[in-house]
Amino acid sequence: MPKRPPKPPASNLLLDDQPLRGKPRGRRDPDQPSLPLDPMPDRIEPCLALLDHGSVRIITRGGHDWTDRFPTIAEAARKLGVGSAIIDGEAVVLDDQGRSDFGALQQSLGGRGGKRSSDESILMSFDLLYFDGHDLTMTELSARRHLLEGIVPAASQGAIRLSEEVEANGAALLAAACEHGLEGIIAKDKDSPYRSGRGGDWLKIKCIQSDTFAIVGYEHSMAARAGIGALLLAARQGGKLVYVGSVGTGFKESTAWALREQLDKLVTKKPPIEYGGRRKDVVWVRPRLAAEIEYRAWTHDGKLRHASYKGLRDAADVADIYEID
């Protein structure tokens, strides 16, 4: 019979002469009589993996139990060798260069609204909120991180891994992250407790990509500025234009009507691209206008993610429309 793995060395922090900072302890939970200290919470915002004596639950930001959809992560959690823990992290699928790929994660789960289980997903853990009977949410981040490193070693390459932590100049680190094609960085106050929601202790700083795309149509909407619900965009690929999604944000009142006037001069009945989308009331236009679009990433099916309209490019810039490899 295999022996239970020893507790991580980091748990010695719970035994020294310096008590953990924490809130006053409440009455013991009768459903958990064996715990000498804080009862294990059912859920803490946001996305968590909960372990309690061999039982594992994976809870999403919205409170849904997705344990069955991340079987590989759940199995790895059972092997961590802790009595009870709540680990905060993010489920990701990595590309061939080791970068998180949101589109690949969506695809592994069956797309939006899909019900598939994802064997490719791994949990990038970055916080420890509860550990062997101790509520750590009011403990400073540096101590929580130290305990987490004892549970999930930095060199782990399994389905549960430790997110990389770097102390560096923020601007230089962001520039390096963007240069390597990452989505951005998270800046954290190492002395802060864990607060659910958006409290300002953590800052998400994105790498914003910007490129030029052809406008091939727009969705007419009576509720939108100048009647433009969204612009339909295209990029070049193999000598033709291909649809790469739409953009419905970033328009200013002062420029929307001028844009609409230019679009209406280019209206055509024949779509300049192959289009299998679901948008209604689409007005097609000849691809004579080019727009500068900021976006976060590409989805697995070749569409822009989190796109924002920044303005029209000069006529001479039409030649610089984004080329898909």
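The model is a predicted one, in which local features need pLDDT of at least 70 and side-chain atom pairs count only at pLDDT 80 or more, while totals for chains, interfaces and linings use all residues. Residues are numbered from 1 along each chain as its sequence is written, and side-chain values use heavy atoms, with hydrogens and water left out.

The structure holds one, and it joins C178 to C207 with an S to S distance of 2.0 Å. C178 lies in helix α4 (residues 170–179) and C207 in the loop between β8 (202–206) and β9 (209–220), so the bond ties together parts that are 29 residues apart in sequence. Helices (H or I, at least four residues) and strands (E, at least two) are DSSP runs, numbered from the N terminus. The torsion about the S-S bond is about -95 degrees, so this disulfide is left-handed. Accessibility is described in three classes: buried means under 20% relative accessible area, exposed over 50%, and partly exposed in between (1.4 Å probe, protein chains only). C178 is partly exposed at 33%, whereas C207 is buried at 7%.

Strands β1 (residues 48–52) and β2 (residues 55–59) pair in the antiparallel sense over five bridges; two strands pair if DSSP finds at least two bridges between them. L51 stands opposite V56 in β2. Two residues sit between the strands of this hairpin, where H53 takes a positive phi near 50 degrees.

The structure also holds eight salt bridges, each a side-chain nitrogen of Lys or Arg within 4 Å of a carboxyl oxygen of Asp or Glu. R145, buried at 7% relative accessibility, takes part in a salt bridge with E149, with the closest N and O atoms 3.5 Å apart. These two residues are four apart in helix α3 (residues 141–151), so about one helical turn separates them. E149 is partly exposed at 34%. R145 also forms a salt bridge with E165, at 3.9 Å between the closest N and O atoms. That pair links distant parts of the chain, with R145 in helix α3 and E165 in the loop between β6 and α4, 20 residues apart.

In helix α5 (residues 253–264), D264 and R260 lie four residues apart, about one turn of the helix. Their salt bridge brings the closest N and O atoms to 2.9 Å. D264 is partly exposed at 35%, and R260 is buried at 16%. Finally, E75, R78 and K79 are linked in a network of salt bridges.

Conventions. A disulfide is a pair of cysteine sulfur atoms within 2.5 Å.
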